[in-house]
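Reader: Before I rely on any label in a structural description, I would like to see the rule behind it. Could you take me through the terms one by one?

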Amino acid sequence: QQEKEDLQGKLKLREHLSQIAGKKEATPAPSKNTDLEMKQLQCKLKNSNTEITKQSTTIKSLKHQVQEKEERIRELQAKISQLERDLTMKRHLIEDLRSLLKANQANEKTSNETLESLERKAKALSEGKKASIDSLKQRFNAAMKEKSQYEQMYHKAKDELEKKDLKLTKLERKVIETEHAMTDLETAASQQLHGLAKQSAHALETLQKELLLTSNKVEQFKTFVK
C-alpha cells in the first residue's frame with residue numbers, strides 16, 4: 001500500500017510535469033535554465049515511468065503469489081476441517097473403546113467370579129467324588145467278603161445237597177423195594193383172603209383192619225419219603 005501511494009504521488013507529479021511541459025511549449029523562447037529544468041524533469045518522468053512499470057510488474061507478481069497463498073490457505077483450511085472431522089471421529093472412537101474397555105473389564109470381573117465359583121464347585125465335587133470312591137471301595141470290599149462267604153455257603157450247601165441226593169436215591173430204592181413188598185403182601189393177603197373166605201366174618205374183619213392199618217403205614221411212609 002505504501003508503494004502504491006508513492007506511485008500515485010509520482011503519477012500526479014508526472015501529470016503536473018506534463019501540464020507544465022505543455023505550458024512551456026505554449027510560451028515562446030524559453031530560457032536555457034528552463035530547458036535544462038525541462039530535461040531534468042523529463043528524465044525524472046522517464047525514470048518514474050520505468051519505476052512504475054517495475055512496480056506494476058511487482059504488483060502483478062505479488063497478486064499472483066497472494067492468489068496462490070489464498071488457494072493454499074483454502075486447501076489448508078479444507079485439510080484442517082478434514083483433520084477436525086477425523087479428530088472428532090477418533091474422539092468418538094476412543095470414547096467407544098473406553099466404554100467397551102469398561103464393559104470388558106466388568107465382563108472379565110464377572111467371568112473371574114464365575115471361574116472362582118466353578119473352581120470351588122469342582123473342588124467340592126472332586127472331594128465328594130473322592131469320598132464316594134472311598135465309600136464304593138469299602139462297599140466293594142464288603143461285597144467281596146460277602147461273596148466269599150456266600151461262595152463258602154454255596155459249596156457247603158452243594159455238598160449237603162449231594163449228600164441229600166444220595167440219601168434220596170437210597171430212599172427211592174427203599175420205596176421201590178417197599179412197593180414191591182406191598183405188592184407181594186397184597187398178593188399174599190388176597191390169596192389168604194380167598195383161602196379164608198370160608199372163615200368167620202370176625203376173622204375177615206380183623207384181616208381187613210390189619211390191611212387198612214398196613215396201607216396207612218405205607219402212605220405215611222411215602223409221605224415221609226416225599
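Author: What follows sets the computed values for this chain beside the definitions that give them their names.

Author: This is a predicted model, in which local features need pLDDT of at least 70 and side-chain atom pairs count only at pLDDT 80 or more, while totals for chains, interfaces and linings use all residues. Residues are numbered from 1 along each chain as its sequence is written, and side-chain values use heavy atoms, with hydrogens and water left out.

Reader: How do you know how many helices and strands the protein chain has?

Author: Helices (H or I, at least four residues) and strands (E, at least two) are DSSP runs, numbered from the N terminus. By that rule the protein chain has three helices and zero strands, and its elements run α-α-α from the N terminus on.

Reader: What makes Gln55 buried or exposed?

Author: A residue is buried under 20% relative accessible area, exposed over 50%, and partly exposed in between, using a 1.4 Å probe and protein chains only. Gln55 has a relative accessible area of 13%, and therefore it is buried. Gln55 is found in helix H2, and, leaving aside residues up to four places away in sequence, Gln55 touches Glu3 and Leu7, where contact means heavy atoms within 4.5 Å.

Reader: Why is the pair Arg74 and Glu71 called a salt bridge?

Author: The term requires a side-chain nitrogen of Lys or Arg within 4 Å of a carboxyl oxygen of Asp or Glu. For Arg74 and Glu71 the closest N and O atoms are 2.5 Å apart, so the pair meets the 4 Å limit. Arg74 and Glu71 are three residues apart in helix H2, which means that about one helical turn separates them. Arg74, with a relative accessible area of 45%, is partly exposed, and so is Glu71, with 37%.

Reader: How many salt bridges does this rule give, and which residue pairs with Glu75?

Author: The count comes to three salt bridges. Glu75 forms one with Arg72, and the closest N and O atoms are 3.7 Å apart; both residues lie in helix H2, three residues apart, about one turn of the helix. Glu75 counts as partly exposed because its relative accessibility is 40%, and Arg72 counts as partly exposed because its relative accessibility is 48%.

Reader: What makes Arg98 and Glu95 a salt bridge?

Author: Their closest N and O atoms are 3.5 Å apart, so this pair also falls within 4 Å. Arg98 and Glu95 are three residues apart in helix H2, and therefore about one helical turn separates them. At 49% relative accessibility Arg98 counts as partly exposed, and Glu95 is partly exposed at 42%.

Reader: What makes a set of grid points a pocket, and what is the volume of the largest pocket?

Author: On a 1 Å grid over the protein atoms alone, a pocket is an open set of points with protein on both sides within 12 Å along at least five of seven lines, whereas a cavity is a set where a 1.4 Å probe fits but cannot get out; lining residues have an atom within 4 Å of a point. Grid points are joined across faces, edges and corners, and a volume is the space filled by probe spheres set on the points. The largest pocket has a volume of about 170 Å³. Among its 10 lining residues, the closest to its centre are Ala189, Gln192, Leu207, Glu210 and Leu211. Helix H2 (32-195) and helix H3 (201-225) each supply at least two residues of the lining.

Reader: Where does Gln192 lie, and why is it called partly exposed?

Author: Gln192 is found in helix H2, and it counts as partly exposed because its relative accessibility is 46%. Gln192 and Leu207 are 15 residues apart in sequence and 9.4 Å apart in space, C-alpha to C-alpha.
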